[in-house]
Amino acid sequence: MAEVGNSKDLISVLWSGADILRSKMDANEYKNYLLGIVFYKYLSDSFLIKAYDMIRNGKPESLKEALNVYEKELKSEGAGDLKQAMMDECHYVMEPELTYTYFADAARNSCFSREQLQKGFNTIEQSNPMFAGLFADIDLYSNRLGTGDQKQSDTVVSLIKEIDKADLLNSNEEILGNAYEYLIGQFASETGKKAGEFYTPQAVSKILTRIAISGQEDKRGLSVYDPCMGSGSLLLNVKKYAAAPRYIGYYGQELNTSTYNLARMNMILHGVAAENQKLRNGDTLDEDWPTDEETDFNMVLMNPPYSAHWSAAQGFLQDERFSDYGVLAPKSKADYAFLLHGLYHLKSNGTMAIVLPHGVLFRGAAEGKIREKLLRSGNIYAVIGLPANLFYNTSIPTCIIVLKKHRDGRDVLFIDASKKFNKGKKQNEMTDEHINEVLELYSRRETVEKETFLASFEDIEKNDFNLNIPRYVDNFEKEEEIDLNALLVEMKKTDSEIKQVQGEFLSLLEELTSDDENIMASLSELIGEMKG
C-alpha cells in the first residue's frame, strides 16, 4: 500500500476516489459514498491497530500484519477476552472477513463481494446506538453506480482499491481530520446551493468560534452547542482554540438525516470520544432540545438556514424559549426563532455567535419587538457585517450577531467588515489577515473611523432600535475632486483628435469609386452628411 504521511497526500488519494464517481452522480450524492467508505476504512484500520497493540503491545508494520495477528488470536483461548476488550475500547467488533484490509485484498484478487461490505455496514450500525443508521445513505446496489450487477460491482471495487492507498496507519487524527474537512469543503463548492445544508465556510467558522471562545480558552470541560450543526465542522473548530480539547463537550442537532450522519462520522474521525458528543437528529424549532441533561452551554455557535419557514404556532408563546418576548418570529422568517433558541441555551457567562441575513437588523413588526427586547436586556453585544458572496448557497451579505446572557451595560459594537475580502472565482474569500483584523477590532471595542462604532443604548434608541450597520459606521469614501480646467483641456484635445480622424476618413471615402450608380449615390450622400 502506498504510504501517505501528510494531509496533502491523503487529500489527493481521497479526491481521486471522488473522480471514480464524479461522472456517475452529482456531488451531493457521491459525497455519501466517498465519505462513508473512507469512514468505514477508518473504523477498520483503527480496530486492527488497537487489536494488534492489545495482542503484541506495539504498532504493526502494516495493516496486513495486524489482520494476520488478529485472525490467529481469534483461534486461541483468549479470543473472548480480546473481543470484549475491543468492544469496550471501540464500541464495535469486526470479524476479519469484514475488515477493510480484507475487502481491499478481495478487490485486488477479483473476489470482492458487495454483500460482505453491506454486512460490514450492518454489523457496525448494530454494535452501538452511536453508529445506528450511519451508512443508510450508501446504496451499494444503486443504478447510479452502473447498469447491471457487474458494472455496479466494478465501480465499488475501483473505489475500494483507490481509497486503500490512504495510509491511515501513519496518519494522526489531525491529518485525517483535516483531509476529511477539506473534502467536505470541496463537496460544498461542487454542490453549490445545497452546500448551505452542511457547510459553513472556514473563514466564517473561525470568526464565530474565536469570538465565542474569547476569555474561555483555558476552561476545562468547555461545552459548545450548535442547534443547526450541519456536518459538525463549526463545532469541531473549537478544538483548535481550546487549551484542553480532550475535555470539550459537543452538543449538536441537525434536521437532515444524511447531514446528521456526516456530522457523526466527522466527530469520530476527529477523535472525539463517544461520551463527549451528544448529537441529535431532529427539528431544532419544533421541539426544544436538550431538555434532560446539560441544557445550557459556555458557547453557542449557529449558522441556521436563512429566513426559513416554520409553523409559528400560537402554542410556542408558552414555550420557555420564546415566552418572554410576547410575539413569535414570522412564519416566513424563522431567523429570530433560531436566535432565541440559541440564547435560551447559553450559560449566564457564556457567548453566542450566530450568522444571519441583514434583514434581522432592521425589519419591523414582530421582529422589531423581539430586537427591542433583546437590546433593552443588553443581550446584543456586537454586530459584524460580513462581505457578500462568502457562502456557497447564497450571494447575499450576512452579519454575525454576538449575544451574551447577563452583562453590565447595553452598548453595542458595530463592525463593518464588508470590504475585508479577496475576490475569488466563485466565492469571495476572507484571509487569515482579514479575520485577525476583525477580531482585533472586536477585542478593542472602541470606535474606529470608517470601521467600527461603539453605540450607546441611547444612540440605538434614537434610531428606533434599528441596527442597520450604515446608520452607525460611515464607510463612505469621498471621491477625489475633479480639476475642471484639466478636464476642459483634455476634452478640447480629444475633440481635436476626433476632427482629425474624421477628416482623414472623409478623404478616404472621397477616393472610393464604383461602377454601381446606387453605391456611388449612397457614398455621395454619406460624404455630404459628414461635411455637414
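Reader: How many helices and strands does the chain have?
Author: In this predicted model, the secondary structure of the chain comes to 17 helices and nine strands.

Reader: What radius of gyration does the chain have, and what would a compact globule of 532 residues have?
Author: The chain has a radius of gyration of 31 Å, whereas a compact globule of 532 residues would have one near 24 Å. Taken along the principal axes, the C-alpha atoms fill a box of roughly 110 × 75 × 40 Å.

Reader: What share of the residues is buried?
Author: Of the 532 residues in the chain, 51% are buried. The chain exposes about 25,400 Å², and carbon and sulfur atoms supply 47% of that area.

Reader: And the charges: how many positive and negative side chains are there?
Author: There are 59 positive and 83 negative side chains. The centres of the two sets lie 3 Å apart.

Reader: Turning to helix α12, why is it described as largely enclosed by the rest of the structure?
Author: Helix α12 spans residues 335-344, and nine of its ten residues are buried, so the helix is largely enclosed by the rest of the structure. Among those buried residues are Tyr336, Phe338, Leu339, Leu340 and His341.

Reader: Which elements do the buried residues of α12 pack against?
Author: They pack against the strands β1 (223-226), β4 (297-302), β5 (346-357) and β7 (398-403), and against helix α13 (365-376).

Reader: Staying with α13, is Leu375 buried or exposed?
Author: Leu375, which has its place in helix α13, is buried, with a relative accessible area of 1%.

Reader: Which residues is Leu375 in contact with, leaving aside its neighbours within four places in sequence?
Author: Leu375 is then in contact with Ile380, Arg410, Val412, Phe457, Ile460, Phe465 and Leu467.

Reader: What share of contacts in the chain joins residues at least 24 apart?
Author: Among contacts between residues at least 6 apart in sequence, the share is 74%.

Reader: A change of topic: how many aromatic pairs does a search of the whole structure find?
Author: The search finds 21 aromatic pairs. One of them joins Phe103 and Phe112 in an edge-to-face arrangement, with 6.0 Å centre to centre and 85° between the planes.

Reader: Are Phe103 and Phe112 buried or exposed?
Author: Both Phe103 and Phe112 are buried.

Reader: Which residues form one aromatic cluster with Phe103 and Phe112?
Author: The cluster also includes Phe39, Tyr40, Tyr42, Phe121 and Phe135.

How values were computed:
Residues are numbered from 1 along each chain as its sequence is written. This is a predicted model: local features need pLDDT of at least 70, side-chain atom pairs count only at pLDDT 80 or more; totals for chains, interfaces and linings use all residues. Side-chain values use heavy atoms; hydrogens and water are left out. Helices (H or I, at least four residues) and strands (E, at least two) are DSSP runs, numbered from the N terminus. The radius of gyration is taken over C-alpha atoms; the globule rule is 2.2 Å times the number of residues to the power 0.38. Buried means under 20% relative accessible area, exposed over 50%, partly exposed in between (1.4 Å probe, protein chains only). Contact means heavy atoms within 4.5 Å. Accessible areas come from the Shrake-Rupley method with a 1.4 Å probe; for residues, only the protein chains shown count as cover. Lys and Arg count as positive and Asp and Glu as negative; His and the chain ends are not counted. The place of a charge is taken as NZ of Lys, CZ of Arg, CG of Asp or CD of Glu. Rings of Phe, Tyr and Trp (its six-membered ring) pair if their centres lie within 6.5 Å; planes under 30 degrees apart count as stacked, over 60 as edge-to-face and the rest as tilted.
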